[in-house]
Amino acid sequence: MNQVKCKKIWLSSPHMGGAEKAFVKEAFDANWVAPLGPNVNGFESDIKKYLNEDTYVSALVSGTSALHLGLKLLGVTNGDEVLCQSMTFAASANPITYLGASPVFVDSERETWNICPEQLELAIKDRIAKGKKPKAIVTVHLYGMPYNVDKVHDIAKNYEIPILEDSAEALGSSYRGFKCGTFGDMAILSFNGNKIITTSGGGALITRTKELKDKTVFLATQAKDDAVHYQHSEIGYNYRMSNIVAGIGRGQMQVLDAHVNKRRANYAFYEEYLKEFSEIKFLEEPEGSFSNRWLTCIETNSYELREKIRLTLAEDNIESRPLWKPMHSQPVFANAKAYVNGVSDELFDKGLCLPSGSNLEKEDLERVVSIIKKVLK
Ligand SMILES: *Cc1c(COP(=O)(O)O)cnc(C)c1O
């Protein structure tokens with residue numbers, strides 16, 4: 001028999017606000033079809049206003065390129081070690097290797113699923129004892145939930161190690177009233193297609209001084225010296241954001257807060273309708289934390305149940321995903337050092353990300369919940 005498939009429900013798909021096309025059209029009309037122009041400047045200034053006027057924003061081609069340049073500007077080089085939250089997307093760790101440095105992974109805490117302060121301090125002490133003081137720390141606000149900024153930054157300060165804050169998933173989140181992306185010595189954002197706002201692909205490096213922004217743009221545009229001919233005294237990169245995609249970004253900034261509100265409403269809906277089931281746990285906001293709820297994640301009580309829910313959703317054309325597989329368990333990082341406590345491996349085993357887009361309809365959420373309920377009953 002021919003079965004009509006239900007509408008596909010995505011985990012997190014692009015959601016245009018309406019003004020994007022006008023900004024892109026402006027770029028075409030003025031022939032600013034280049035990796036510079038009014039949209040790039042406008043997008044950067046929108047982000048700066050949103051985060052904090054004291055920040056300096058460089059729009060780049062991706063969050064990954066922002067991490068690469070951030071690490072480079074923090075002085076990471078061949079042979080260095082960089083501590084990195086283990087439970088994250090590979091893009092947090094890969095750029096460490098681009099510079100010839102080695103990632104050393106640190107496990108998560110239960111409260112936020114992010115870097116565990118105790119494990120972090122243990123790792124720092126142990127690396128120093130072994131004569132390898134870490135050059136930097138990559139911290140992540142996973143799924144939009146702020147990590148324990150107070151504790152983590154106190155530790156980093158004590159040992160005088162700079163933090164590169166990976167805020168790719170946390171634009172719109174805040175901690176004690178301050179926006180994520182403003183805590184690290186440097187921070188990065190991502191505007192990939194699945195993120196809370198998107199430029200189709202893009203990212204930004206957030207720095208604390210104009211000098212560092214100028215250096216970022218210099219490196220991102222092939223490190224051209226100040227000369228009439230092409231002269232280079234340093235290795236450069238082609239990492240600057242295009243004025244076309246920056247136009248999409250300007251339109252998206254107008255709806256960022258609406259997206260945050262909708263994603264938070266998705267979370268509230270799932271929690272409301274699933275909290276009666278003891279087999280499922282939600283990640284609650286610790287006091288002082290405000291999550292953009294980029295993705296709503298649940299922790300089930302077993303791998304088997306997680307898979308049963310995931311596969312039953314898939315049968316109904318609904319996309320869901322296991323949580324990020326920790327970097328210390330990835331084949332590509334099999335030889336990397338790691339300080340582990342079991343938390344991220346357990347979360348990976350039992351956790352599932354549910355459809356969380358800001359463009360989901362009430363019927364979509366109801367469909368997801370009714371299937372999960374059927375599995376649980
Ligand atoms: C998406 C993401 C990145 C990478 O951003 P791109 O723009 O895709 O290069 C880095 N870190 C985390 C945690 C991410 O989720």
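This is a predicted model: local features need pLDDT of at least 70, side-chain atom pairs count only at pLDDT 80 or more; totals for chains, interfaces and linings use all residues.

User: How many residues does domain 2 give to the contact with domain 1?

Analyst: The domain assignment, which is automatic or from a database, gives domain 1 (20-253) and domain 2 (256-376). Their centres, taken over C-alpha atoms, are 25 Å apart. Counting heavy atoms within 4.5 Å as contact, domain 1 brings 46 residues and domain 2 brings 39 residues.

User: Which residue has a polar side-chain atom 2.5 Å from an oxygen atom of the ligand?

Analyst: The ligand is surrounded by 15 residues (a heavy atom within 4 Å), and the closest are Thr64, Asp166, Ser190, Lys195 and Glu169. For polar contacts, we look for pairs of N or O atoms within 3.5 Å. A polar backbone atom of Gly63 is 2.8 Å from a ligand oxygen, while a backbone N or O atom of Gly202 lies 3.4 Å from one. The side chain with a polar atom at 2.5 Å belongs to Glu169.

User: What volume does the largest cavity have?

Analyst: A cavity is a set of points on a 1 Å grid over the protein atoms alone where a 1.4 Å probe fits but cannot get out; points are joined across faces, edges and corners, and the volume is the space filled by probe spheres set on them. Searching the whole structure gives 1 cavity of 30 Å³ or more. Its lining (residues with an atom within 4 Å of a point) includes Trp113, Tyr267 and Arg293, and each domain supplies at least three lining residues. The space inside is about 60 Å³.

How values were computed:
Residues are numbered from 1 along each chain as its sequence is written. Side-chain values use heavy atoms; hydrogens and water are left out. On a 1 Å grid over the protein atoms alone, a cavity is a set of points where a 1.4 Å probe fits but cannot get out, and a pocket is an open set with protein on both sides within 12 Å along at least five of seven lines; lining residues have an atom within 4 Å of a point. A polar contact is a pair of N or O atoms within 3.5 Å; within protein, one must be able to donate a hydrogen and the other to accept it, and residues adjacent in sequence count only if both atoms are side-chain atoms.
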